[in-house]
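Here are a few exercises to work through with the model open beside you. Try each one before you read its solution.

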Amino acid sequence: MTEPGETASDGEKIKVLVADDQQIVRKGLVLLIGMLDGIEVVGAARDGAEAVLLAGQQAPDVVLMDLNMPVLDGVAATATLREQVPGCKVLVLTTYADDESVFPALQAGARGYLTKDADDDAIEDAIRSVHEGRIWLDPEVQARLVAAVQTSEVAPPAAQRKQAHTPQTPAPSDVLTPRETQVLTLIARGLSNAEICARLVVSPATVKTHINRIFTKIGAADRAQAVGYAYRNNLVEPCSTR
């Protein structure tokens with residue numbers, strides 16, 4: 001079942017799909033988003049499976065995704081959308097901001113994370129930011145991510161502490177070129193490949209080459225691990241919302 005708000009044929013509008021199993025919340029979000037300039041609701045889903053189905057049909061720019069839903073939860077739906085509808089970006093809007101909810105959602109591919117106590121302005125800002133390719137995180141969520149990164153390697157195993165001749169982890173300047181360090185810093189700030197191209201005035205192929213080399217040199221499997229490396233090595237300062 002869909003509950004689309006009034007739509008327009010204007011192709012410049014940001015197309016949003018709402019996914020929430022609570023009818024009153026779902027309808028409220030449809031009404032709220034439908035009143036925002038330059039944004040239109042193209043559908044509403046009652047669960048993750050329906051969200052995937054409607055996203056394939058409506059090709060939304062942003063999916064506003066709840067996590068705790070029947071049939072297919074928000075994390076699984078986010079991962080499925082990343083594979084099946086890569087053009088849309090997922091913005092999580094949920095009640096929970098605990099580690100068990102935040103980290104799986106981001107690992108599944110969510111580009112933003114909001115809690116349901118966010119005000120109207122925050123929701124609008126998050127939708128526009130995620131649509132433009134930036135990462136948007138609730139301040140509480142960002143604090144959890146920074147804390148997790150800072151504590152992940154604070155206490156090494158006892159066996160490692162006993163190894164007197166274990167070499168120190170190389171500093172970024174010993175591993176990466178100045179340009180690679182610059183690219184990694186921009187990744188950690190949430191810029192997409194296209195935004196990095198524009199910022200550095202280089203081609204997409206050049207950016208991809210830099211990123212591949214960075215991942216190889218620092219042993220990162222994906223952007224999330226690269227961001228963690230950047231924070232651990234103080235290449236970027238935490239910000240309040242983006």
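**Exercise 1.** Which residue in strand 6 is the bridge partner of Y113? Then place that pair in the sheet it belongs to.

*Solution.* One note before we start: this is a predicted model.
- Step 1: look across from Y113 into strand 6, and you find L137 as its bridge partner.
- Step 2: zoom out to the two strands. Strand 5 (residues 112-115) and strand 6 run parallel and pair over 2 bridges.
- Step 3: zoom out again. The sheet is open, has 6 strands in the order 2-1-3-4-5-6, and pairs in the parallel sense.
- Step 4: check the ends of that order. Strand 2 (39-45) and strand 6 (136-137) are at the edges with a single partner strand each, so one side of each has no neighbour in the sheet.

**Exercise 2.** Which way do the residues V62, V63, L64 and M65 point from strand 3? Follow two of them to their partners.

*Solution.* 
- Step 1: apply it here. V62 and L64 point one way, V63 and M65 point the other way, and all of them are buried.
- Step 2: go to one neighbour. Strand 1 and strand 3 are parallel partners over 4 bridges, and V18 has L64 as its bridge partner.
- Step 3: go to the other neighbour.

**Exercise 3.** Which strands does helix 5 lie across? Check its length and its two ends as well.

*Solution.* 
- Step 1: find helix 5 at residues 120-131; it lies across strand 1, strand 2, strand 3, strand 4 (89-94), strand 5 and strand 6, at about 160° to strand 4.
- Step 2: With 12 residues at 1.5 Å a residue, helix 5 should span 16 Å, and its end C-alpha atoms sit 17 Å apart, which agrees.
- Step 3: pick out the buried residues of helix 5, namely A122, I123, A126, I127, S129 and V130.
- Step 4: look at the start, where a side-chain oxygen of D119 comes within 3.3 Å of the backbone nitrogen of D121.
- Step 5: look just past the other end, where G133 has a positive phi of about 95°.

**Exercise 4.** Is E50 buried or exposed? Say where it sits and what its side chain meets.

*Solution.* 
- Step 1: locate E50 in helix 2 (residues 48-58).
- Step 2: see where helix 2 goes. It lies across strand 1 (14-19), strand 2 and strand 3 (62-65), at about 135° to strand 2.
- Step 3: compare with the cut-off. Buried means under 20% relative accessible area, so E50, at 10%, counts as buried.
- Step 4: find the contact. A polar atom of the E50 side chain lies 2.7 Å from the backbone nitrogen of R46.

How values were computed:
Residues numbered from 1 in each chain as written. Predicted model: local features only at pLDDT ≥ 70, side-chain atom pairs only at ≥ 80, totals over all residues. Heavy atoms only, no water. Buried < 20%, exposed > 50% of the residue type's maximum accessible area, 1.4 Å probe, protein only. Polar contact = N/O pair within 3.5 Å; in protein donor to acceptor, adjacent residues only side chain to side chain. Pairing = 2+ DSSP bridges. Contact = heavy atoms within 4.5 Å. Axes fitted to C-alpha atoms, helices over the stretch in contact; angles between N-to-C directions. Expected span 1.5 Å × (residues − 1).
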